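Student: I have this one open in the viewer. Please walk me through it in plain words.

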Amino acid sequence: MNGPANRTYPIENIRRDFPILAQQVHGKPLVYLDNGASAQKPSAVIKKVSETYETAYANVHRGVHTMSQLATDAMEEAREKARAFINAGSASEMIFVRGATEGINLVAAAWGRANLVAGDEIILSVLEHHSNIVPWQIVAEQTGAVIKVAPIDDCGNFLFEEYENLLSPRTRMVAVTHVSNALGTVVPVDRVIRSAHDAGALVLIDGCQAAPHMAIDVRDLDADFYVLSGHKLYGPSGIGLLYGKEELLRAMPPYQSGGEMIDRVTFDGTTYADLPFKFEAGTPDISGAIGLGAAIDYLNALGHEAVADHEGDLVEYAAEQLSTLNSVELVGTPDERAAIVSFNVRDIHPHDVGTILDYEGIAVRTGHHCAQPLMDRFGVAATVRASFGLYNTRTEIDALVRGIGRVREMFS
Ligand code: C6P
């Protein structure tokens with residue numbers, strides 16, 4: 001039985017939508033629990049990408065010919081879907097980027113270099129992925145800005161009061177994750193944003209691990225910048241989104257330069273294209289953007305609430321089942337978590353756990369999850385991470401628990 005608590009959730013149909021889930025690995029049915037790294041793709045997305053190449057592909061925003069117009073229209077339609085998906089005010093505020101990493105680098109470099117001066121403060125949290133640390137370190141080095149780090153408690157909860165105490169008249173940017181990729185902690189970003197704004201700072205939210213699991217409303221949040229990656233959202237890899245408030249994006253200098261982002265070029269100087277194109281230098285990932293639009297359609301058809309209910313049941317069940325195993329130590333037990341559980345198996349290296357689980361057909365991520373400061377906070381070098389998606393089942397969590405039993409057997 002596949003569970004879950006909600007019997008109207010069409011889990012069997014959903015699983016059939018994802019061809020890769022029918023694969024076997026080492027002769028066992030694939031149990032894919034590495035969605036935090038990259039989610040699998042439904043047929044609708046795969047078909048949309050191949051259909052684009054088969055019937056409506058050319059470079060965009062350049063050609064007067066039919067194929068270019070078809071591709072341009074499809075890409076702009078995808079931008080509109082993305083706008084609606086996070087409730088941005090206008091498509092001008094939606095920049096197609098390679099992924100969250102590029103989105104954060106864009107803001108850190110373009111906004112940071114133009115606005116930060118020595119002594120200005122940037123607040124990050126200890127939960128951050130390296131993608132939301134290193135770009136700020138680089139711009140801090142270049143400008144003399146200072147980085148402060150908001151702490152967490154021993155369960156992995158974001159400590160809101162301690163964060164508020166870090167805010168000062170010198171705080172210019174607060175850049176925090178919406179959901180921790182290593183622990184699943186949901187950060188109260190609405191309150192984080194309100195406090196930062198009261199202190200006169202801007203806020204960038206790294207929504208990579210939130211967007212697949214919950215409805216995002218950037219206007220309701222009042223986020224200044226919000227980034228996400230398509231490949232974690234059941235879309236293609238190589239495409240992602242940066243949302244930025246229009247007045248901020250307008251005031252920022254370009255990030256990369258070249259074709260597409262210009263208005264007029266002479267050897268005396270260049271004027272730039274209007275938003276969003278000012279930040280989209282070069283030929284974009286055309287089929288990727290169109291595929292992302294199809295992934296958004298797919299998620300919308302299922303409904304965020306239904307997906308969140310299903311995944312909420314899974315993550316609760318997983319945490320409960322894993323905590324019954326004497327040999328397992330959960331790393332992080334936050335009050336509110338989304339679709340991610342991290343743990344270690346006593347006396348066994350996470351890579352060994354991951355390798356043996358793979359022989360059972362179970363895909364998990366092991367390592368530091370690109371969150372080394374967070375691993376340091378917990379005094380561990382690495383963890384095993386099971387991260388769930390809309391197609392996972394309780395049966396697969398039972399397989400994970402049996403797999404851990406197998407790991408124990410092999411090491412005893
Ligand atoms: N986390 C994980 O296994 P890119 O690589 O640009 O699509 O996303 C970077 C990134 C930024 N922020 C968060 C919170 C993330 O989780 C990630 C990607 C993957 O956890 C790969 S390291």
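**Strands and helices**

Student: How many bridges join strand β8 to strand β9?

Tutor: Three bridges join β8 (residues 202-206) to β9 (residues 225-229), and the two run parallel. D206 stands opposite V227 in β9. Strands count as paired if DSSP finds at least two bridges between them.

Student: And where do these labels and values come from?

Tutor: Helices (H or I, at least four residues) and strands (E, at least two) are DSSP runs, numbered from the N terminus. The model is predicted: local features need pLDDT of at least 70, side-chain atom pairs count only at pLDDT 80 or more, and totals for chains, interfaces and linings use all residues. Residues are numbered from 1 along each chain as its sequence is written, and side-chain values use heavy atoms, with hydrogens and water left out.

Student: What is the strand order in the seven-stranded sheet?

Tutor: The order is β4-β10-β9-β8-β7-β5-β6, in an open sheet with mixed pairing. β4 (94-97) and β6 (146-150) are at the edges. Each has a single partner strand, so one side of each has no neighbour in the sheet. Neighbouring strands are turned by 20 degrees against each other on average, direction ignored.

Student: What holds strands together in general?

Tutor: Strands of a sheet pair through backbone hydrogen bonds, either parallel or antiparallel.

Student: OK, β7. Is it mostly buried or exposed?

Tutor: Six of the seven residues of β7 are buried, so the rest of the structure largely encloses it. Buried means under 20% relative accessible area, exposed over 50%, and partly exposed in between (1.4 Å probe, protein chains only).

Student: Which strands does β7 pair with?

Tutor: β7 pairs with β5 (residues 121-125) in the parallel sense over three bridges. There, T171 of β7 is the bridge partner of E121. Five bridges join β7 to β8, also parallel. A175 stands opposite L204 in β8.

Student: Back to β4. Which way do its side chains point?

Tutor: M94 and F96 point one way, I95 and V97 the other, and all are buried. In a regular strand the side chains alternate between the two faces of the sheet. β4 pairs with β10 in the antiparallel sense over four bridges. F96 stands opposite L241 in β10.

Student: Which helix lies across that sheet?

Tutor: Helix α4 (residues 100-115) lies across β4, β7 (171-177), β8, β9 and β10 (240-244). It runs at about 155 degrees to β9. Axes are lines fitted to C-alpha atoms, for helices over the stretch in contact, and angles run from 0 to 180 degrees between N-to-C directions. Contact means heavy atoms within 4.5 Å.

Student: New topic. What about the four-stranded sheet?

Tutor: Its order is β13-β14-β17-β16, open, with antiparallel pairing. The edge strands are β13 (328-330) and β16 (365-367), each pairing on one side only. The twist averages 30 degrees from one strand to the next. β16 pairs with β17 (residues 383-387) over three bridges, where G367 stands opposite T383.

Student: Which helix touches β14, β16 and β17?

Tutor: That is α12 (residues 350-359), and its direction makes about 160 degrees with that of β16. Helix α11 (residues 304-323) lies across β13 and β14 (340-345), at about 15 degrees to β14.

Student: Now helices on helices. At what angle do α3 and α10 pack?

Tutor: α3 (residues 66-86) and α10 (residues 286-302) pack at about 40 degrees, with their axes 8 Å apart. That makes α3 oblique to α10. Under 35 degrees counts as roughly parallel, over 145 as roughly antiparallel, 65 to 115 as roughly perpendicular, and the rest as oblique.

Student: Which residues make that contact?

Tutor: Among them are A71, A74 and M75 of α3, and I286, A289 and I290 of α10.

Student: And α2 with α10?

Tutor: The axes of α2 (residues 43-55) and α10 come within 8 Å and cross at roughly 145 degrees. Residues in α2 including A44, V45 and K48 take part in the contact, as do S287 and I290 in α10.

Student: Last one. Where does N157 lie?

Tutor: N157 is in the loop between β6 and α6 (160-166). N157 is buried, at 12% relative accessible area. Not counting residues up to four places away in sequence, N157 touches P151, I152, T185, P334, D335 and E336.
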